[in-house]
Amino acid sequence: MSMTSNAVENTSPMNDGESTNLSANTHIDDIIAVRMSRRGVLKGGIAVTATTLLGGSLSACGGSSSSKDSALALNFDAVAKNKNDIVTVPAGYEVSILHALGDPLTSTDAAWADNGSETAASYTNRIGDGHDGMHYFGLSDAGAFQANRSDRGLICVNHEYVVGPFALHPAGRTVVNNVRTVAAEVDKEINAHGVSVTEIRRGASGTAMSMVKGSTYNRRITSATPMAFSGPARGNALVQTKYSADGTATRGTNNNCGNGYTPWGTYLTCEENFTNVIARAAGDNALRSAKEVTGLNRYGMTQGRRSPYLWDTAGSDDLYVRWSASVTGASAAADYRNIFNTFGWIVEIDPFDPTSTPVKHSALGRFAHEGCWPCKAVAGKPVVFYMGDDSRNEYIYKFVSKALWDAADVGRGHAAGQKYMSEGTLYVAKFNTDGSGTWVELTHGKNGLDAGNATYAFADQADVVVHARLAGDAVGATKMDRPEWGAVNPINGEVYMTLTNNSNRVAPSATPTGSQLKPDTANPRYYEDTKDGTTVQKGNPNGHIIRWRETGNDPAATTFAWDIYLFAAEAGAAADVNLSGLTDVNDFSSPDGLWFDQNGMLWIQTDDGAYTDVTNCMMLAAIPGKVGDGSAAVAAGGTPTIKGANATESTVRRFLVGPKDCEITGVAMTPDRKTMFINVQHPGEDGNLTTMTSHWPASQTDAASTKRPRSATVVITRTNGGEIAV
């Protein structure tokens, strides 16, 4: 997920969306172009159906074919596009704030003061910054996971990063000549990252929920919290540091964007733009092996790289030195040369045990994790998770556990996590020219992943998972355009993933340079759009959503079929740009967050800059259909594509619009569907502390407020106490 929404594609120094994939692997666009250009595909026009192109009636992943969609209905009036400084919801719905940056978890700490005066230490008991992915867990009276409980629960929220206009500090960051001169500010930022766990309850009447201050479950996990490793990398030399000479532990979780959860009742937080917190000295290559340099460069940690956070410049204390991945000592046990390898993982947190140590599960691979989404757990079958690597030209992954699911493991916390997430098979997606797809195994000794590999000599499975991107390169995985959030349809098991946008698309007649790409079937639109009457946006400013269906009704299958669910676009765009037929009630741009509720309703959230001259970011509700329900189409310039059924006002509708300069992200719901939670990240990010462009969340109830903007979690309920959206 990008950290700056108001650009077609984030070019902020706090974004690692730029491609570091210089492999010669075929891009998905090229693969589909070959497939779609074959004689006969479009013979006689565009009458060939998506079902034919996708190989017929392959069974769904983790579910069965169902008419459940037909029972869903969007029972609300679409919210109009707007640029108001509030969260706008449909008539009959209401909004409250669960918690925002700086709110205390205890009943003894002072309330947020709106002046940045809170101490760094207090942020171990305060809500962090940059609210992002989250999940709700029902809490029983006995203090255990109760999946069907709606009036009492624990909510886990990611705090991705310290956002502008840096309301965390009295006057923003203090930086002199690229040095952080106030160490206490750095301490506060370190504590404001990570995850919050809070107990929430409903009142005596109504469906809104509030935080229980002082609950024994309330907890902050930060960039300084001790963590353990599991899986192949645990104890390996690649993760040895001065802090953990045996490579079994590390400190902190950072840049936590998307999320996931487990069938046994634990929370998964995902480390995405972790490169942002690490620096590396100029000249460090000379102190490394050629193999080490290859690995560092592939992940964007080139020598001389300065961290945008500059945490490593705050002093000589170990708490700051550890943010530099430079060789300074005689061995890995004497410095932090390997600190970079300790980030980029899926981190499991047991919200029901406040004393537990979070675990980084290395078996699921290391990359810019946008999230980790499970298929439905089935007794006697493996547990399966899907993951995206949020950077241009990166890959889509799947993890299949070795252990088979046993419902008796519900509530067993990290013991179950060790069972299902420390050992299994990691796969990467490869899209074939005939419309099928293949999951390629990333196991040492298979598919060329061994010491004889000419580009990178993989020593063992730890080397494979630490350098999962290089493993994907080696097996010829298919390059994708910034895979962001994914979601698994609980009704038919199909998997969806957002591809947010790409300003590096060039005209079909152009010669691409660097990371530029020509349009083709999976990313077929090259067009120009003028924003604010002056700014010309080129490429694919609006993005799209891809989906796939596993073969044989089996999430662990090694083949699948796919199509493109929706093309985001402005309602008034030309038909060959607005390929999904969006109208004013459902047009959107830059899809990012994605989530299915338990009834099979799909919720789509945006992190946009291309359409923000017209509207703030938003969330839509959708009745999704299924792979193969659309047809072939031709985009601007004659590029063929394959798409799902067109959207209608009955199947896709705008549910809310956020405040100014924000991103709408993270979504969860109570099991009874009567309370929804969404996050508003970085409202007012286009302003500064002198000239603020937003005053949300205070502006939600006070239009005259002059308070600082803060990221926050929003509670949405119906005024009649009914279910959300349906």
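Me: What share of the 726 residues counts as buried?
Reply: This is a predicted model, where local features need pLDDT of at least 70, side-chain atom pairs count only at pLDDT 80 or more, and totals for chains, interfaces and linings use all residues. Residues are numbered from 1 along each chain as its sequence is written, and side-chain values use heavy atoms, with hydrogens and water left out. Buried means under 20% relative accessible area, exposed over 50%, and partly exposed in between (1.4 Å probe, protein chains only). By that cut-off, the buried share of the protein is 63%.

Me: How many helices and strands are there?
Reply: Both are DSSP runs, numbered from the N terminus: helices are H or I with at least four residues, strands are E with at least two. The protein has 8 helices and 36 strands.

Me: Why is the protein called as compact as a globular protein of its length?
Reply: The radius of gyration is taken over C-alpha atoms, and the globule rule is 2.2 Å times the number of residues to the power 0.38. For 726 residues the rule gives 27 Å. The protein is as compact as a globular protein of that length because its own value is close to that, at 24 Å.

Me: What percentage of contacts between residues at least 6 apart in sequence joins residues at least 24 apart?
Reply: Contact means heavy atoms within 4.5 Å. Among the contacts between residues at least 6 apart, the share joining residues at least 24 apart is 70%.

Me: Is helix α3 largely enclosed or largely open?
Reply: Helix α3 covers residues 183-192. Its buried residues include V186, I190 and A192. Among the elements covering them are β3 (152-159), β6 (194-202) and α5 (318-321). Because 7 of its 10 residues are buried, α3 is largely enclosed.

Me: Which residue just after α3 takes a positive phi?
Reply: Look just past the end of the helix. The phi there is about 105°, and the residue is G194.

Me: Which backbone oxygen does the side chain of Q537 reach?
Reply: Q537 is found in strand β25, residues 535-539. Q537 is buried, with a relative accessible area of 4%. At 3.3 Å, its side chain reaches the backbone oxygen of A610.

Me: How many Å apart in space are G476 and L582?
Reply: G476 is found in the loop between α8 (468-474) and β21 (480-481). G476 is partly exposed, with a relative accessible area of 23%. In sequence, G476 and L582 are 106 residues apart. In space, C-alpha to C-alpha, they are apart by 35 Å.

Methods. Polar contact = N/O pair within 3.5 Å; in protein donor to acceptor, adjacent residues only side chain to side chain.
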